[in-house]
Amino acid sequence: MRHTPRNVTQKLIASHLVSGDMTPGEAVGLKIDQTLTQDATGTMVMLELEAMGLERVKTEISAQYVDHNLIQEDNKNPDDHRFLQTAAQRLGVWFSRPGNGVSHPTHQQRFGKPGKTLLGSDSHTPAAGSLGMLAIGAGGIDVAMAMAGEPFYTRMPEVWGVRLDGRLPDWISAKDVILEMLRRHGVSGGVGRIIEYYGPGLEQLSAMDRHVIANMGAELGATTSVFPSDAAVKAFLCAEGRGDDWQELLPDDGCRYDCREEIDLSHLEPLIAKPSSPANVVPVREIAGEPLSQAYIGSSANPGYRDFAVAAAMLEGRTVDDDVSLEINPTSRSILETLTRDGHLFSLLDAGARLHQAGCNGCIGMGQAPANEVNSLRTVPRNFPGRSGTREDRVFLCSPETATASALNGVITDPRTLDMPYPRIEEPSDPIVNTRTLIPPLDEEKARKIHLIKGPNIESLPDFEPLETRLTLPVLVKAGDDVSTDEIMPAGGEVLPYRSNIPKIAEFAFRGVMEGYAAQARKTGDHIVIGGNNYGQGSSREHAAIAPRYLGLRIVLARSFARIHEQNLINFGVLPLTFVDASDYDTLEIGSEVAFENLRQALEASNEIGARAGDKTLRLEHRLTPRQIEILFSGGLIAWMREHRAA
């Protein structure tokens, strides 16, 4: 019997499908093989698992990384790291120590495996799609459920096939490929889709080049990005001493995609995303000559050996401009050691670069903040306002080549204008593999003897009451389009140390949207937030749902939602609804009251419900499954899980 030809995405989903069918828009449940957590989100995951009473994870591999909160200016971050280490030991989870590396490249080096599923409490988890994995970012509680052996529930996305042809010209690299996608489609162009790359242009892209593209697919709003597992993936795994983990995974001849795109790599030029959106992309030549104060190379969006080595080769025997601070942000201990062995680190330091520890660092506003109102060129994935740690920042996103050329000249520079040959960097076939600071899980007998170490900043999760069926709520916040979770719940060194203390971190909620939200919410009580298009784009951090819920948020009305944040709202008992008539957004203002009657019955009866705002009837839509409606009226996913386990 002949089978219908399948693309790589369809093969991955079909082999992990536990409920639903592979029709775009239909609810599906997927078996999860691996999970990834990091310290900005992992503390909540471990507290959620404690609340569930889980004794040991059920996945093939679960790994906890410490990569975000590395600045130890007081006890809060190191206390949380001790908690995470003991929780990992207690639950049978790998633990990556501080300084060992950013979760995404480190996971790719040590655990990534073609054909497997990965769910991570970080929105850039899709980077692992570079190896032929189905890797999806989600809120921490969804990851906790997967660690407990539950499927991951989502809606079947469309599969967007992107054919790559041609070869990248000199001075153009993988970052320019994903910036071209963002230039064409913006920050919501991938919503409801998985992007699958194929075609002859792949031959030039290494596994880490593909990581760059898959990582920033998150900025398009895509569920994930997928590459085939081919010779490039085999070469990567063999170099990392894991050749036995490779398997070929290619699209079938004649397979179909729900929509298609083509990029001729040979026609690309250096691109740059201007402040303050990853979609604000223009050719570098259009803004060449603008002044520069900082250049930054590294992060999970340019994590590979070649991304640093090409900068080192460009800087060899030269000096960074006097007015520019060049920041080198290594992405894993192994890559840093290999760069040192091969002499590239000396070239970077000799040229005046500043070396930082392996971690997320400035990408998440944890150090390396730029000066006020000056230009900073960064190879990071996001440039949302204030994400760098400076509230009035001017962050541009670009390739390592553009960042380095600009650091040399002291102004934004198209690297093609440099008077030097393009450095051709070969990936080493013998990278240093250092696993000594990656702590393996304990056996079950030893794990049972581990006691969790909780510092004074760690608070238990608050209990939330179920959603009521009759509500009259005031509008407390009205947000515009493309509001990010960084604006709803800021990152950075001031805020993230309180990630395991919901009452404290709630004080910072909506700081990027309106001043005084927390104080006003405490006075008002239960309330509504209004959002524009693509509400909640960006980071997966569920604090952007939990903290406002703690302060009384019950319903969000928006023109449209970003996938992860919409699910996070549901998981903590906040109802997300969209306007049937987008113009109704304009009729609601701060202080407007919206009334709902027989809410549960209405949600269960239809995907469209009504509400009253003064003398106007609002028509609202939802995409809730019966399971999600149950979760809302249980008080959130943890309470729902307790009820089902008790039953």
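## Terms and model

Contact here means heavy atoms within 4.5 Å. The model is predicted.

## Overall fold

The protein has 23 helices and 27 strands. Its C-alpha trace spans about 70 × 55 × 55 Å along the principal axes. For 647 residues, a compact globule would have a radius of gyration near 26 Å. The protein has 24 Å, which agrees with that figure.

Burial is counted over the whole protein: of its 647 residues, 63% are buried. Contacts also reach across the sequence. Take those between residues at least 6 apart in sequence: 78% of them join residues at least 24 apart.

## Helix α11 and its cover

Helix α11 covers residues 333-341. Its buried residues are S334, I335, T338 and L339. Seen down the axis of α11, these buried residues fall within an arc of 135°, so they line one face of the helix. The helix geometry gives the background: an α-helix has 3.6 residues a turn, so residues three or four places apart point the same way.

## The site of T9

T9 lies in helix α1, which runs over residues 8-14. Is T9 buried or exposed? T9 has a relative accessible area of 0%, and the cut-off for burial is under 20%, so T9 is buried.

The side chain of T9 makes a polar contact of 2.8 Å with the side chain of E196. E196 is also among the residues that T9 touches, leaving aside those up to four places away in sequence.

## Rings and charges

How many aromatic pairs does a search of the whole structure find? The search gives 7. Such a pair of aromatic rings is described by the distance of the centres and the angle of the planes.

Lysines also sit over tyrosine rings. K478 lies over the face of Y585, 4.4 Å from the ring centre. K504 places its charged end over the ring of Y498, at 5.3 Å from the centre of that ring.

Conventions:
Residues are numbered from 1 along each chain as its sequence is written. This is a predicted model: local features need pLDDT of at least 70, side-chain atom pairs count only at pLDDT 80 or more; totals for chains, interfaces and linings use all residues. Side-chain values use heavy atoms; hydrogens and water are left out. Helices (H or I, at least four residues) and strands (E, at least two) are DSSP runs, numbered from the N terminus. Buried means under 20% relative accessible area, exposed over 50%, partly exposed in between (1.4 Å probe, protein chains only). A polar contact is a pair of N or O atoms within 3.5 Å; within protein, one must be able to donate a hydrogen and the other to accept it, and residues adjacent in sequence count only if both atoms are side-chain atoms. The arc is that of the directions from the helix axis to the C-beta atoms. Rings of Phe, Tyr and Trp (its six-membered ring) pair if their centres lie within 6.5 Å; planes under 30 degrees apart count as stacked, over 60 as edge-to-face and the rest as tilted. A charge sits over a ring if NZ of Lys or CZ of Arg is within 6 Å of the ring centre and within 35 degrees of the ring normal. The radius of gyration is taken over C-alpha atoms; the globule rule is 2.2 Å times the number of residues to the power 0.38.
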